[in-house]
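Visitor: Please show me the model, and then let us talk through how its parts are arranged.

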Amino acid sequence: MSAKAAISKEVFIPHDEKMLAAVQVRRRTKKKIPFLATGGQGDYMTFICLSVTNKKPAHVSLTKVKQFQGSSAFVKRQWTLDQLWQVNGIRPQQRTVPKFDLVFENAFDQWSAGSSKKCTFIQILHHTCQRYCSARKPEFINCQSKLMGGNSILHSAADSVTSAVQKASQALNERGERLGRAEDRTADMMNSAEQFAVTAHKLAMKHKC
């Protein structure tokens, strides 16, 4: 089982939440971690996760999940989407590690992550904010415009299906037109054959007489 699947199973499903996105990150600035606060010391993996409750009205949360080496347990810290004030995409310079910052009411985290994974997470986060934030929406700065537009990957599957349906419909229409033309040609041939038969019969009767 992958780390993301394990997080979804152990952290979110028991609380009737659905994980929308998760990105593995590394802190850009070193921070001392108290032993009592984490329950352990040593190397660990960190994920920033976005989740929504299954029950209505839906509540969206951002959760920082840590798993220490040699432990199957997860340590988490959670914020509601309303507590998120700003997402800073930090445009990457050439040959630098992709970075992004999350600014909350009571916290400020600086992270680095894989380029494509960072972009995917920010795109899903932006779409989720547009959908679920009814009042104040978090500020997104230094983010690529294509991530903020309407071409969210959350719609890509629907767009693909729509495109496939349109292509299938067009193909059926074209096929119908071809069948229609074939039927017209068949009808013309039948009419011609019928007229030829009538003419031939008249000629035969004339010569017989």
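Visitor: At about how many degrees to S2 does helix H1 run?

Guide: This is a predicted model, in which local features need pLDDT of at least 70, side-chain atom pairs count only at pLDDT 80 or more, and totals for chains, interfaces and linings use all residues. Residues are numbered from 1 along each chain as its sequence is written, and side-chain values use heavy atoms, with hydrogens and water left out. Helix H1 (residues 3-12) lies across S1, S2 (44-53), S3 (60-68) and S4, where contact means heavy atoms within 4.5 Å, and helices (H or I, at least four residues) and strands (E, at least two) are DSSP runs numbered from the N terminus. With axes fitted as lines to C-alpha atoms, for helices over the stretch in contact, and angles running from 0 to 180 degrees between N-to-C directions, the value relative to S2 is about 55 degrees.

Visitor: Which strands stand at the edges of the sheet?

Guide: Two strands pair if DSSP finds at least two bridges between them, and the eight strands form an open, mixed sheet in the order S4-S3-S2-S1-S7-S6-S5-S8. Each edge strand has a single partner strand, so one side of each is left without a neighbour in the sheet; these are S4 (75-80) and S8 (139-141).

Visitor: What is the bridge partner of Lys99 in S7?

Guide: Strand S6 is joined to S7 (residues 108-112) by five bridges in the antiparallel sense, and a hairpin of three residues connects the two. Within this pairing, the residue bridged to Lys99 is Ser112.
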